[in-house]
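Reader: Could you walk me through this model? I would also like to hear what stands behind the words you use for it.

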Amino acid sequence: MKATALAHPNIALVKYWGKRDEALILPHQSSLSLTLSPLSVTTTVEFGVSSDQVELNGHTAKGSERERVLRALETVRAEAGGKLGPARMVSRGDFPASAGLASSAAGFAALAVAARAAAGLPADPKAASVLARRGSGSACRSVQGGFCEWRRGERADGADSYAVQRFDEKHWPELRMVVAILNRDEKEVKSRDGMKHTVDTSPYYEAWARDAEVEVPRAVEIIQRKDLEALGELSERNAWRMHATAFAANPPLCYMHPNTLGLIQHLREQRKKGIPVWFTLDAGPNPVLLTDAAHEVAAEALARACGAVDVVRCVPGGDATLKSEHL
Ligand code: PMV
């Protein structure tokens, strides 16, 4: 009745930005990401306690955070036959929520794997991915390691909208992602609100969704042949296009800070000097630099020279896994 899982966050190279179903978290387009190690979130779920308890990073969760966790646990109870009773969930991340990476992705992936195991359900990456998706869309891509593709799916109930692993974490071990933390403040507009606003008001939205869909198979083909330059170019243009849809929203939405743009421009200069480094950027000011093992130290140095207050160097991470020690 008790299980614990550890999962890593992921960074999208082809991004998810916009839902076709807000309640089920169904995206307008497919996306593709890399799971990142060593950052992780560990989550314990125990059914059959006296009342529902949800604890995130040492705090009792409230409001919509608590609701999202309880909804996921309810789904597991229903699948397991409904007699598991109230649950205690404790989750702890080894990186700050403001690190510029969505800890919710790792958190809901760990929750999905732990809750299914605690309920006695069989290990099933597809079912865990669907469950994680309903907590936080991008979480469906953190159930498995390496490069994962979240297929948008066609069904109205979302049963075919989940992530599949395209290449595991051993496929391209020299690849590095360097998170450049330029600003630790909570962002003003959460991804969830920003993407809804973009879907509702940006005249560029339709073009964005169409474009992202066709970039996914291109990215898969590039990753297959481990072409860093081609992957760098693809992830940069995908990030620019996602941000362009947000710039074009009404009122406009800009997640970049002046030093975000400064760093991005600097990368261009560095590439001219032969340093292979590109960026991607989620809905926030902190770029993630894409490079190889031979240049990760140089990438960190240039992030710091452009004002990074902290830098996290990441390698391709593995699957969400069950642990024997509980929280
Ligand atoms: O899953 P959410 O609600 O955290 O949204 C993620 C949105 C982006 O990080 C901007 C893109 C992505 O695909 O991860």
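**Domains, ligand and strands**

Author: Residues 178-296 are 56% helix and 10% strand, and the end C-alpha atoms of this span lie 7 Å apart. Helices (H or I, at least four residues) and strands (E, at least two) are DSSP runs, numbered from the N terminus. The model is a predicted one: local features need pLDDT of at least 70, side-chain atom pairs count only at pLDDT 80 or more, and totals for chains, interfaces and linings use all residues. Numbering starts from 1 along each chain as its sequence is written.

Reader: What does UniProt list for residues 178-296?

Author: The unreviewed UniProt entry gives these residues as "domain: Mvd1 C-terminal". Such annotations may be inferred rather than shown by experiment.

Reader: Which domains does the domain assignment give?

Author: Domain 1 covers 2-169 and domain 2 covers 175-316, with bounds from an automatic or database assignment. Their C-alpha centres lie 23 Å apart. Domain 1 puts 27 residues into the contact and domain 2 puts in 32; contact here has C-beta atoms, placed from the backbone, within 7 Å.

Reader: Which elements give two or more residues to the side of domain 1 that touches domain 2?

Author: They are β2 (10-14), β5 (31-37), β10 (147-150) and β11. The most comes from β5, with six residues. Sorted by class, this side of domain 1 has 12 nonpolar, 10 polar and five charged residues. Asp, Glu, Lys and Arg count as charged; Ala, Val, Leu, Ile, Met, Phe, Trp, Tyr, Cys and Pro as nonpolar; the others, Gly among them, as polar.

Reader: Why do you place the ligand between the two domains?

Author: Both domain 1 (2-169) and domain 2 (175-316) give residues to the shell around the ligand, so the ligand lies between them. The shell has 14 residues, and the closest are A12, Y16, G137, S138 and S191. By class, five are nonpolar, six polar and three charged.

Reader: What makes β5 mostly covered?

Author: Six of the seven residues of β5 are buried. A residue is buried with 20 or more other C-beta atoms within 10 Å of its own, exposed with 12 or fewer, and partly exposed in between; these C-beta atoms are placed from the backbone. For β2, five of five residues are buried.

Reader: Which way does β5 pair with β2?

Author: The two pair in the antiparallel sense over four bridges, and pairing calls for at least two bridges found by DSSP. A12, one of the closest residues to the ligand, stands opposite S33 in β5. Four antiparallel bridges also join β5 to β10, where E149 is the bridge partner of L32. With strand β15 (residues 310-316), β5 has two antiparallel bridges, and L36 stands opposite P316 there.

Reader: Why is Q165 called partly exposed?

Author: Q165 has 19 C-beta neighbours inside 10 Å, so this residue counts as partly exposed. Q165 belongs to strand β11 (residues 163-167). Beyond neighbours within four places in sequence, Q165 is in contact with Q144, G146 and C148. Q144 is 21 residues away in sequence, yet the C-alpha atoms of Q165 and Q144 are 6.3 Å apart.

Reader: Why do you call helix α3 largely enclosed?

Author: Nine of the 11 residues of α3 (residues 125-135) are buried, so the helix is largely enclosed by the rest of the structure. Among the buried ones are V130, L131, R133 and R134. Their cover includes α1 (63-79), α2 (103-118) and β11.

Reader: What makes β8 and β16 edge strands?

Author: Six strands form an open sheet of mixed pairing, in the order β8-β7-β9-β6-β1-β16. Both β8 (59-60) and β16 (321-323) pair on one side only, which makes them the edges.

Definitions and conventions. Two residues are in contact if their C-beta atoms, placed from the backbone, lie within 7 Å. A residue is near a molecule or strand if its C-beta atom, placed from the backbone, lies within 6 Å of it.
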